[in-house]
Amino acid sequence: CNNILIVSLFERVLFNWSVRHPGSGYVQGINDLLTPFVVVFLSEYTKTGVFPSEQLLDLEGDVFWCVSRLLDTIQDNYTFAQPGIQNNVNKLSSLIERLDNELHRHLMEHKVEYLQFAFRWMNNLLIRELPLRCIIRLWDTYMAEPEGFSQFHVYVCAAFLLRFKDSLMRRNDFHGLLVYLQALPTHRWTNTDIEMVLAQAFQYKSLFSQAPKHLDYQRSEIQ
């Protein structure tokens, strides 16, 4: 019964959001963005094992408000052709080229395009890549950081990718690289791992955020 109530909550929130945003409507992946909020708001009830269905509407309103605020900051990710995602994937490519040209060249030499693995990172804000406990810790920082979901997320993705450099460099074929990138071994990650990624991301932001034009082109284009 509780599962049916939660599914209905998801459906109503997504339907109402899509009606209020006809420019994009519902796009696959938006449903994932509800999960952290629902889990956090339900956490006080899961300890007792009792879910008060009479409070479902209050919880639904909280989830709708939070998701709406989040999506307002990244709406370009879900409009026609998803320009926000395309732009952030290009920025990620430029970041890696500058931060670790060896890894960037390794991916390029084996014909691995950033869009092939990082599209999901941008579309789902790493929800498919990390355990939920880590997502909640990560998003806590995003909500405290100016433009956390829209801009800081790119630096996090760069730090996240570089955590796996050694394993990526050992793979020397397109298939092996792409399969690994689409199923990175994070199932045992804890908040400590996320905090290390965040610390590195803040360093990258300090290097590039005041000079964003450095990420508008790739170094290989001017060589």
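1. A quick definition to start: a polar contact here is a pair of N or O atoms within 3.5 Å; within protein, one must be able to donate a hydrogen and the other to accept it, and residues adjacent in sequence count only if both atoms are side-chain atoms. By that rule, three residue pairs (both at pLDDT 80 or more) are in polar contact across the interface of domain 1 and domain 2.

2. Some ground rules. You're looking at a predicted model, where local features need pLDDT of at least 70, side-chain atom pairs count only at pLDDT 80 or more, and totals for chains, interfaces and linings use all residues. Residues are numbered from 1 along each chain as its sequence is written, and side-chain values use heavy atoms, with hydrogens and water left out.

3. Where are the domains? The assignment (automatic or from a database) puts domain 1 at 1-72 and domain 2 at 83-209. Their C-alpha centres are 27 Å apart. Ten residues of domain 1 and eleven residues of domain 2 make the contact (heavy atoms within 4.5 Å).

4. About 870 Å² gets buried between the two domains, 76% of it on carbon and sulfur atoms. Buried area is the accessible area (1.4 Å probe) that two parts lose on being put together, summed over both. On the domain 1 side, Asp32, Pro36 and Leu70 supply 49% of the area buried against domain 2, more than any other three residues.

5. Which residues meet in a salt bridge? Arg128 and Asp32 do, through their side chains, at 2.7 Å, N to O.

Notes. A salt bridge is a side-chain nitrogen of Lys or Arg within 4 Å of a carboxyl oxygen of Asp or Glu.
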